[in-house]
Amino acid sequence: WACLVTAFDFVVYVQARIAMLDIFMMAFCVLGLAFFTFSFKEKRSARRSFVQAMLMGISFGLAGACKVSGFFPLAGVVGVRLLVGLLKLWRARFAEPRETDFFAPDVWSALTPGKSLLALLVAPFLVYFATYLPQMLHEGSILEFFASQRRMIAIMTGVSTSHPYSSLWFQWPAAVAPTGGPRTPTTRSLTCRTS
């Protein structure tokens, strides 16, 4: 059902046609969530569950490398892992427990605290870091990774308050606000440095 709905989602069509990173981020997020589901539901093989959890971490690392918002689903998965761990610690049970309860004793038993740390934090960070290797090699320093993060934060927080392409939320459905216009003195222009 999720695949069918996604296949006819117009956001997918638009993002796929305008050559932005959003479609790749979405693909890696969906892949990460699929591996999360496989790992979470795997009860026969602890090894398979852990491998799927690592693939989930790798997928979310690639999603985050596309756009920072690619890490949002990972934060949700970390929240689920913490909740499951807490409910297991409390030995919580439904009034009529079933094998399919999301915090049953054997659910995600393969993800011990150490393995959770590997799959949910270390793997995504290492993959995210690895995507900067070409840039670090070009600049000749590992410190370029941190410099890149600072530049991205500066770009994201340095947007001016007024912009010629802005419109109010109630103007969106009727499309009454123009989507373009002359540059104003408050609009900043971002330039890319190439060598």
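## Arginine 48 and glutamate 42

Arginine 48 is partly exposed, its relative accessible area being 41%, where partly exposed denotes the range between buried (under 20% relative accessible area) and exposed (over 50%), computed with a 1.4 Å probe and protein chains only. Arginine 48 forms a salt bridge with glutamate 42, with 3.7 Å between the closest N and O atoms; the term requires a side-chain nitrogen of Lys or Arg within 4 Å of a carboxyl oxygen of Asp or Glu. Glutamate 42, for its part, is buried at a relative accessible area of 12%.

## Basis of the values

The model is predicted, and for that reason local features need pLDDT of at least 70 and side-chain atom pairs count only at pLDDT 80 or more, while totals for chains, interfaces and linings use all residues. Residues are numbered from 1 along each chain as its sequence is written, and side-chain values use heavy atoms, with hydrogens and water left out.

## The other salt bridges

Three salt bridges are found when the whole structure is searched. One of them joins the side chains of aspartate 22 and lysine 67 at 3.0 Å, N to O, and this pair links distant parts of the chain, 45 residues apart, with aspartate 22 in helix H3 (residues 22-41) and lysine 67 in the loop between helix H4 (46-66) and helix H5 (72-89). The helices are DSSP runs (H or I, at least four residues) numbered from the N terminus. Aspartate 22 counts as buried at 17% relative accessibility, whereas lysine 67 is partly exposed at 31%.

Glutamate 144 and arginine 151 also meet through their side chains in a salt bridge, at 2.4 Å from N to O. Here glutamate 144 is buried, with a relative accessible area of 9%, and arginine 151 is partly exposed, with 38%.

## Serine 39 in helix H3

Serine 39 is placed in helix H3 and is buried, with a relative accessible area of 0%. A polar atom of its side chain lies 2.8 Å from the backbone oxygen of serine 49. Leaving aside residues up to four places away in sequence, serine 39 touches Ser49, Gln52, Ala53 and Trp108, a contact being heavy atoms within 4.5 Å.

## A nonpolar surface patch

Trp1, Leu4, Val5, Phe8, Phe10 and Tyr13 form a nonpolar patch on the surface, together having about 790 Å² of accessible area, computed by the Shrake-Rupley method with a 1.4 Å probe. Such a patch takes residues with over 30% relative accessible area and no salt bridge, joining nonpolar side chains (Val, Leu, Ile, Met, Phe, Trp, Tyr) within 5 Å and like charges within 9 Å. Helix H1 (2-7) and helix H2 (10-17) are the elements that give two or more residues to the patch. Valine 5, in helix H1, is partly exposed, with a relative accessible area of 42%.

Conventions
A polar contact is a pair of N or O atoms within 3.5 Å; within protein, one must be able to donate a hydrogen and the other to accept it, and residues adjacent in sequence count only if both atoms are side-chain atoms.
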